[in-house]
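Colleague: I am new to this structure. Please take me through some of the terms used for it.

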Amino acid sequence: MIASVSGRVAAVSPDGAVVEVGGIGLAVQCTPGTIARLQVGADARLSTSLVVREDSLTLYGFADDDERQLFELLQTANGVGPRLAQAVLAIHPPREVRRAVSMADVKALMQVPGIGRKGAERLILELRDRLGSTTSDISLDAPAGLPSVTPVAPWRDQLTSALVGLGWSAKEADTALGQLAPVADEQIAATGSVEVAVLLRQALQLLGRS
């Protein structure tokens, strides 16, 4: 198993990056939050998980070991593959996943594309005893159903970093984010969170047309 990669970031794309390790460029699938932390030409370390299939080898990258461990643990639940596990972490940080599962917050888990009510209930049932949440991870005063996912303010910083890393200027990124602000407001009003992955795709479409 490849547990981590360290090296120069050779390229960044909307769904991953290429990290040069010992003269070899490794393609790593990442969430938007992780991509936003990477910069072409800079050194980076990613915790990784290698998923082996009959017809493919896919390396998934994460900001830290905690994300990687949760990614692997999510896949122990019935019906959860690497794509869905990565989607969970694209929407929720590890702390929020633990909170949602331990407090049976079905609505928070349903914010992940591909997870309906039955899927969320199954995740809670199967993973509640495995996640090992602590009081430092969970606010005991938080009511069930409270969608505490991506904070409102950081979504702009994440998208700006991701777009600049993909080659656009800060000014171009700011223009795209200005056009997407109403979309973010609608997401916040509907779910209490911002879906960074969705906004990143829309920003790329806007910049591509311009």
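**Terms and values**

Modeller: T34 lies in helix α1, residues 32-35; helices are DSSP runs of H or I with at least four residues, strands runs of E with at least two, both numbered from the N terminus. This is a predicted model, in which local features need pLDDT of at least 70 and side-chain atom pairs count only at pLDDT 80 or more, while totals for chains, interfaces and linings use all residues. Residues are numbered from 1 along each chain as its sequence is written, and side-chain values use heavy atoms, with hydrogens and water left out.

Colleague: Why does T34 count as buried?

Modeller: Buried means under 20% relative accessible area, exposed over 50%, and partly exposed in between, with a 1.4 Å probe and protein chains only. T34 has 3% relative accessibility, so T34 counts as buried.

Colleague: Which residues is T34 in contact with, leaving aside its neighbours within four places in sequence?

Modeller: They are L46, G61, F62, A63 and E67. Contact means heavy atoms within 4.5 Å.

Colleague: What makes helix α3 mostly covered?

Modeller: In α3, residues 82-91, eight of the ten residues are buried, among them P82, L84 and I91. The buried residues of α3 pack against β3, β4, β5, α2 and α4.

Colleague: Why is α2 called oblique to α4?

Modeller: The two helices pack at an angle of about 40°, with their axes 10 Å apart. That angle makes α2 oblique to α4, because under 35 degrees counts as roughly parallel, over 145 as roughly antiparallel, 65 to 115 as roughly perpendicular and the rest as oblique. The contact is made by D66, E67, L70 and L74 of α2 with P94, V97 and R98 of α4.

Methods:
Axes fitted to C-alpha atoms, helices over the stretch in contact; angles between N-to-C directions.
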